[in-house]
Amino acid sequence: MDEPVLLTGAGGRVGQAILRGLGDDYDWRLLDREPLPAAKVPDGVTDADRYVADITDERAVREAVADVGAVIHLAGDPRKTAPWDSVLRNNIDGTQVVMRAAAEAGVEKFAFASSNHAVGGYETEDRTPDLYRPEDDYRLDGEELPRPGNLYGVSKAAGESLGRFYHDEFDMSVVCVRIGNLTKDHPPREYERGQAMWLSHRDCAHLFDRCLRAEYGYEVVYGISNNDRRYYSIERAREALGYDPADNSADYTFEGKPKADRDTETNGGRDDDSFASDADRPAPESPAEPNFPADPDDA
Ligand SMILES: NC(=O)C1=CN([C@@H]2O[C@H](COP(=O)(O)OP(=O)(O)OC[C@H]3O[C@@H](n4cnc5c(N)ncnc54)[C@H](O)[C@@H]3O)[C@@H](O)[C@H]2O)C=CC1
Ligand SMILES: O=C1O[C@H](COP(=O)(O)O)[C@@H](O)[C@H](O)[C@H]1O
């Protein structure tokens, strides 16, 4: 892609996984309502390409999307316990502002961070916990209707619907990635559901790279690694996008330790957590903590 790529929510966990993997591969324009410390910004991204703005600010968003070829839209409230006023503002209203601005500016490709929680309602009592185990062959493939298990999931289903609308009305290519559970260096520990939907950092970066490079119309895909345990199919992501994940939660013990003789995740080839290639840059205070209060059951 020759034009810049706008990344919203660039300072967060997913944004940083993408930038650590693909920092050198695109001309990035970064938007976040929190100022990004230098350690979170790839080399070569100028101050002019860093927007400190809320995604509900239409003017700022229009400025940020001008002349970009693609948008990866991550900004929002990621909490599964998020209250309605927050998801309404940050996830639904904010997503509509970003998608409309992108469509009206003639952006070619738009990748939207949807969530496993858009379909959490399929995890019924009679299906769980078997669903999370490798022997179980139940699969969601992205063709099913959304079935949110919480209001956060409702907001993600709304984002998918907005994507459908802006694809149909403006012919913008839209891919909605129902992201599983992103953790760094190892799958979620002692958590069957989390291990079934693990998305490693390098697979996350690779998947969004494919969202920027592949040709598609409107797609809903699952964003998980190649886990033996899984109830999401990654076939559509493979077919439509050319996704070819490298990681598998089965290569780790239930406690999250790498099993012997496996190729441990390399963090996109970088051996630390930051972009600080020169000694003058401050080290990150902490790796990409979410700026909403944590979900109570997240350790
Ligand atoms: N981390 C995960 O495992 C998953 C994440 N997702 C989705 O991916 C996206 C990113 O999630 P994380 O990186 O985990 O969250 P995060 O909380 O670490 O990062 C979100 C970033 O967006 C920014 N932001 C939030 N609201 C904003 C607004 N109104 N205007 C401008 N910036 C705003 C925050 O400052 C933050 O830097 C979210 O949409 C989330 O729902 C979906 C499924 C799983
Ligand atoms: O959408 C999201 O999902 C992941 C995984 O969900 P969980 O119920 O297993 O915690 C969550 O970690 C992330 O914060 C959220 O945005």
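Author: Let's start at ligand 2: one of its oxygen atoms is 2.5 Å from an N or O atom in the side chain of Tyr191. Keep in mind that this is a predicted model.

Reader: Which other polar atoms lie close to an oxygen atom of ligand 2?
Author: A polar backbone atom of Pro78 is 2.6 Å from an oxygen atom of ligand 2. In Tyr152 you look to the side chain, where an N or O atom is 2.7 Å from an oxygen atom of the ligand.

Reader: How much of ligand 2 does the protein bury?
Author: Taken alone, ligand 2 exposes 380 Å², and the protein buries 88% of that.

Reader: And how many residues surround ligand 2?
Author: There are 12 of them, and the closest are Pro78, Lys80, Ser115, Tyr152 and Tyr191.

Reader: Okay, on to ligand 1. Which residues come nearest to ligand 1?
Author: Asp32, Leu74, Tyr152, Lys156 and Asn291 come nearest, out of 28 residues around ligand 1.

Reader: What polar contacts does ligand 1 have?
Author: For Arg33, a backbone N or O atom lies 3.2 Å from a nitrogen atom of ligand 1. Asp54 uses its side chain: an N or O atom there is 3.2 Å from a nitrogen atom of the ligand. With Leu74 we're back to the backbone, where a polar atom is 2.8 Å from an oxygen atom of ligand 1.

Reader: How much of ligand 1 does the protein cover?
Author: On its own, ligand 1 has 820 Å² of accessible area, and the protein covers 96% of that.

Reader: Which elements give two or more residues to the shell around ligand 1?
Author: Those are H1, strand S5 (109-115), helix H4 (151-170) and strand S7 (181-182). S5 gives the most, with three residues.

Reader: Now the surface. Which residues make the nonpolar patch?
Author: Trp84, Leu88, Leu151 and Val154 make a nonpolar surface patch of about 320 Å². Next, ask which elements supply it: helix H3 (84-104) and H4 each bring at least two residues. Val154, for instance, is found in helix H4.

Reader: Which residues form the negative patch?
Author: Asp2, Glu3, Asp27, Asp67 and Glu108 form a negative surface patch. Asp27 sits in the loop between helix H1 (13-22) and strand S2 (28-32). Asp67 is in a loop too, the one between H2 and strand S4 (70-73).

Reader: What about the backbone angles? What should I look out for?
Author: Most residues other than glycine have a negative phi, and most peptide bonds are trans. Asp67 has a phi near 70°, a positive value in a residue that isn't glycine. There's also a cis peptide bond between Thr128 and Pro129, with omega about 0°. Pro129 lies in the loop between S5 and H4.

Reader: Last one: how many salt bridges are there?
Author: The count comes to 21. One to find for yourself joins Glu58 and Arg62, whose closest N and O atoms are 4.0 Å apart. Both residues lie in helix H2 (residues 58-65), four residues apart, about one turn of the helix.

How values were computed:
Residues numbered from 1 in each chain as written. Chains lettered and ligands numbered in written order. Predicted model: local features only at pLDDT ≥ 70, side-chain atom pairs only at ≥ 80, totals over all residues. Heavy atoms only, no water. Patch = residues over 30% accessible without salt bridge, like charges linked within 9 Å, V, L, I, M, F, W, Y side chains within 5 Å. Areas by Shrake-Rupley, 256 points an atom, 1.4 Å probe, with all protein chains shown as cover. Salt bridge = Lys/Arg side-chain N within 4 Å of Asp/Glu carboxyl O. Lys, Arg positive; Asp, Glu negative; His and termini not counted. Charge placed at Lys NZ, Arg CZ, Asp CG, Glu CD. Near = heavy atom within 4 Å. Polar contact = N/O pair within 3.5 Å; in protein donor to acceptor, adjacent residues only side chain to side chain.
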